[in-house]
Amino acid sequence: TNTTTKGELDSMQLFQLRVSAALALLLCSLAAGQVSQCAPADSPRLRFVAQLSVNGCALFVHDTGASDGPHLAVEPLMCVTDSLRGIVPRFDFITQQLYFSVPVLMKDSGMLAEAQRQLQHLSPRSVSFATVTNISVSADTRSSVRVLGFLWTPDESVATLRLGFAEKNTYETLKLRENIILRLLNIDPMRTLLIQSTETQIVEKKNESSIIETLKNVKLSATLLSNSCFHDIQSRIMLQNDSFIEVGLYRKKFLPACRQLRFSRYVKLENCSAQVHQNLNIKGHFLIEPLLCHNISSLSSESVRYDYSRDMHYLKLDLVLQDEATRDAVRTQLADLSPRSVDFMRLWTAERSVSSSLSARFEVGPLMASADWRSAQLRLLCGNWTECRDLRTAVLAEPADLWRHVQWRVTSLVAKQCLSKSSQMASSWRMKPPVSDSCYSLKSCARLQCASAQRTANSSSAVQLQPDGRCFLKFQQRLTGRVSFQRNWTEYETGFGDGTDFWIGLSAIHSLSQGGATLRVEMKLWNGSELHAEYAGFQVGDASTGYRMTYREMLRDRSSVSWDALQLSKGMRFSTMDRDNDVWDAQSCSNTLGNAGWWFHYCRHFNPNGLYPSQEKVDIIGNMVWYISYSKKLSLREVRLMLQI
């Protein structure tokens with residue numbers, strides 16, 4: 001009206017501006033809602049096309065479906081490329097929490113260039129990192145370490161994952177927190193013993209393991225923007241060059257079922273089985289399903305590990321998905337079909353069925369595949385270390401006792417184009433060929449071999465008969481020098497060699513010597529003379545003892561030598577070139593004596609696993625020797641160690 005004052009006009013104009021702004025925001029919100037909820041028919045959706053391995057990190061690539069494409073979008077890397085060893089905890093005064101900051105690589109121009117090179121066969125118009133609008137993180141709620149936050153903006157190449165301790169305040173956590181506060185307040189930490197007794201132990205011994213275990217349990221949910229549509233994906237934090245990915249986590253991308261495959265046959269191998277299909281579109285082309293066979297040779301004391309994030313021990317089982325030896329064996333057995341090519345399908349998903357008997361005793365973790373899809377890992381979480389150790393021993397003795405409780409139905413990726421699903425659940429494992437129905441343990445197998453040798457009155461490559469009728473199983477033998485005994489801990493634990501020169505493994509020696517056994521040492525000198533010594537009550541402990549060796553006494557009435565050359569080794573843990581358990585503080589006996597593995601003290605009077613001499617030389621440090629007095633030694637040409645069965 002004409003009577004409206006200038007102040008009232010300003011108020012009305014301000015109100016109208018606010019209404020206009022609110023309407024604009026509402027329209028933007030509605031528009032955003034339309035974008036996020038667009039139907040597949042309205043706009044092309046992302047189509048998964050490839051997984052690459054670049055510099056030890058896994059890259060997942062999608063086709064955006066653009067009409068002028070193909071335009072390829074790469075998911076954020078989410079890969080930890082820096083060493084975790086130097087990461088130390090910090091203290092947040094606001095939340096009163098300890099936390100770790102882990103740098104996570106999200107994008108890298110060099111990796112993108114390498115991905116573009118690997119994708120040349122798709123002739124892409126462009127390859128770029130996908131636009132990310134949101135990322136959230138979560139972790140296993142049972143973990144003792146919690147995810148506190150994920151700090152990142154889309155224009156940054158590196159994000160920060162913040163991890164903190166669970167709410168429970170353990171003694172170590174409280175002490176560590178107190179020490180950090182002392183440092184931040186510039187109070188001399190020497191007033192307390194916390195640095196030496198708590199922080200050093202936790203930071204140096206637990207931090208790296210706990211962070212690694214926690215990272216493996218961190219899940220990320222991200223929203224990608226492409227063609228005006230939002231697409232939700234799931235991912236995991238991965239460690240560079242150690243990227244074992246949970247099978248099925250990324251497999252929610254849609255691909256059609258393969259129509260061109262026809263099942264051909266089962267191929268039974270020495271220690272595994274393979275299912276083979278024929279590609280009807282390519283003459284003579286055969287495809288092998290992922291094996292999922294347990295590589296039992298990798299099962300050692302190192303397989304029993306501790307998950308600091310769960311505060312639980314677990315047994316790590318290594319599975320083979322594909323290998324060259326299997327492909328060659330399958331090709332040979334398909335000779336009647338004149339195969340032109342034999343390749344492996346790539347594992348896509350693995351549907352698993354676990355028996356109630358197994359799940360009642362052990363928690364079966366997710367199946368994790370390597371970035372190159374050639375191997376996988378499965379964890380069995382135990383109540384304590386002893387249960388894991390006993391489980392490992394049982395699996396070594398009879399793999400089928402475990403694997404009969406686990407069945408798989410795999411879905412495989414064929415030529416990055418379609419999926420092939422197994423028709424039925426199947427069990428598959430790598431196992432030692434059964435010797436006999438009565439061969440239920442390593443010691444029982446040895447008894448069977450001895451019984452066979454005694455029936456025929458003939459020794460074999462494995463057992464040796466004595467004139468008095470006693471039977472001994474050989475666990476070490478050096479006759480030719482063709483096999484190197486310069487081996488690491490894992491090899492000495494699991495065994496190595498051929499039918500002439502060999503070491504059967506510490507794990508097997510432990511099993512055979514439980515309760516004590518008679519040890520017989522046989523030696524041949526360069527002049528042809530033969531010597532021997534026997535020991536009563538010889539016994540080797542399990543992995544938790546470092547395979548500590550002991551015996552009751554030397555049986556001099558059954559020996560041709562009188563001086564006990566094993567006396568220094570009695571009670572010692574086993575040492576190798578990569579694991580020093582001797583008492584020589586200055587150096588390693590193994591590294592000094594030809595990288596041999598033995599129960600070294602300071603250092604030895606017997607070195608059967610030392611360097612094999614080309615001629616008689618007693619003055620060469622590291623050669624095979626036996627001492628006949630404190631200062632006099634004999635050079636050995638041959639040696640074997642045996643246990644009475």
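A residue counts as buried when its relative accessible area is under 20%, as exposed when over 50%, and as partly exposed in between. The structure described here is a predicted model.

## Residues with positive phi

Most residues other than glycine have a negative phi. Serine 123 is found in the loop that runs between α2 (109–118) and β7 (126–129). Its relative accessibility is 54%, and because the limit for exposed is over 50%, serine 123 counts as exposed.

Methionine 78 is not a glycine either, yet its phi is positive, at about 50°. The loop between β3 (71–74) and β4 (79–80) holds methionine 78. With a relative accessible area of 1%, methionine 78 is buried.

## A four-stranded mixed sheet

An open sheet is built from four strands in the order β15-β16-β17-β21, with mixed pairing. The edge positions belong to β15 (261–268) and β21 (341–344); each has a single partner strand, so one side of each is left without a neighbour in the sheet. On average, neighbouring strands of this sheet are turned by 30° against each other, direction ignored.

Strands of a sheet pair through backbone hydrogen bonds, either parallel or antiparallel. In this sheet, β16 (residues 273–279) and β17 (residues 285–288) pair in the antiparallel sense over four bridges. Within that pair, asparagine 279 stands opposite histidine 285 in β17, and valine 276 stands opposite isoleucine 288 in β17. The hairpin of β16 and β17 has five residues between the strands, and glycine 284 takes a positive phi near 75° there.

On the β21 side, β17 pairs with β21 in the parallel sense, over four bridges. Leucine 287 stands opposite aspartate 343 in β21.

In a regular strand the side chains alternate between the two faces of the sheet. From β17, His285 and Leu287 point one way, while Phe286 and Ile288 point the other way, and all are buried.

Helix α5 (residues 324–333) packs on the sheet and touches β15, β16, β17 and β21. The direction of α5 makes about 140° with that of β21.

## Valine 414 beside the sheet residues

Valine 414 has its place in strand β26 (residues 406–414). What does valine 414 touch outside the four places on either side of it in sequence? The residues are Cys258, Gln260, Leu261, Leu287, Met345 and Ser420.

Strand β31 (residues 502–503) contains phenylalanine 502. The C-alpha atom of phenylalanine 502 is 5.5 Å from that of glutamine 477, although the two residues are 25 apart along the chain. Neighbours within four places in sequence aside, phenylalanine 502 is in contact with Ser461, Lys474, Phe475, Gln476, Gln477, Phe485, Phe496 and Gly497.

Arginine 487 lies in the loop between β29 (471–478) and α10 (489–494). A polar atom of the arginine 487 side chain lies 2.8 Å from the backbone oxygen of serine 484. Not counting residues up to four places away in sequence, arginine 487 touches Tyr492, Phe496, Thr576, Met577 and Asn595.

| Residue | Relative accessible area | Class |
|---|---|---|
| Valine 414 | 4% | Valine 414: buried |
| Phenylalanine 502 | 8% | Phenylalanine 502: buried |
| Arginine 487 | 19% | Arginine 487: buried |

Arginine 487, at 19%, is classed as buried because the limit is under 20%.

## Nonpolar cores

In soluble globular proteins, nonpolar side chains tend to be buried together. The largest nonpolar core of this model has 55 residues. Which residues have the most contacts inside it? They are Trp503, Leu519, Phe538, Trp599, Phe606 and Trp626.

Phenylalanine 606 is in contact with Val521, Met523, Ala565, Leu566, Trp598, Val625, Trp626, Leu636, Val639 and Leu641, leaving aside its neighbours within four places in sequence. A second, separate core has 29 residues, including Leu319, Leu347, Leu378 and Trp408.

Definitions and conventions:
Residues numbered from 1 in each chain as written. Predicted model: local features only at pLDDT ≥ 70, side-chain atom pairs only at ≥ 80, totals over all residues. Heavy atoms only, no water. Pairing = 2+ DSSP bridges. Helix = DSSP H or I, 4+ residues; strand = E, 2+ residues; numbered from the N terminus. Axes fitted to C-alpha atoms, helices over the stretch in contact; angles between N-to-C directions. Contact = heavy atoms within 4.5 Å. Buried < 20%, exposed > 50% of the residue type's maximum accessible area, 1.4 Å probe, protein only. Polar contact = N/O pair within 3.5 Å; in protein donor to acceptor, adjacent residues only side chain to side chain. Core = buried A, V, L, I, M, F, W, Y, C linked by side-chain atoms within 4.5 Å.
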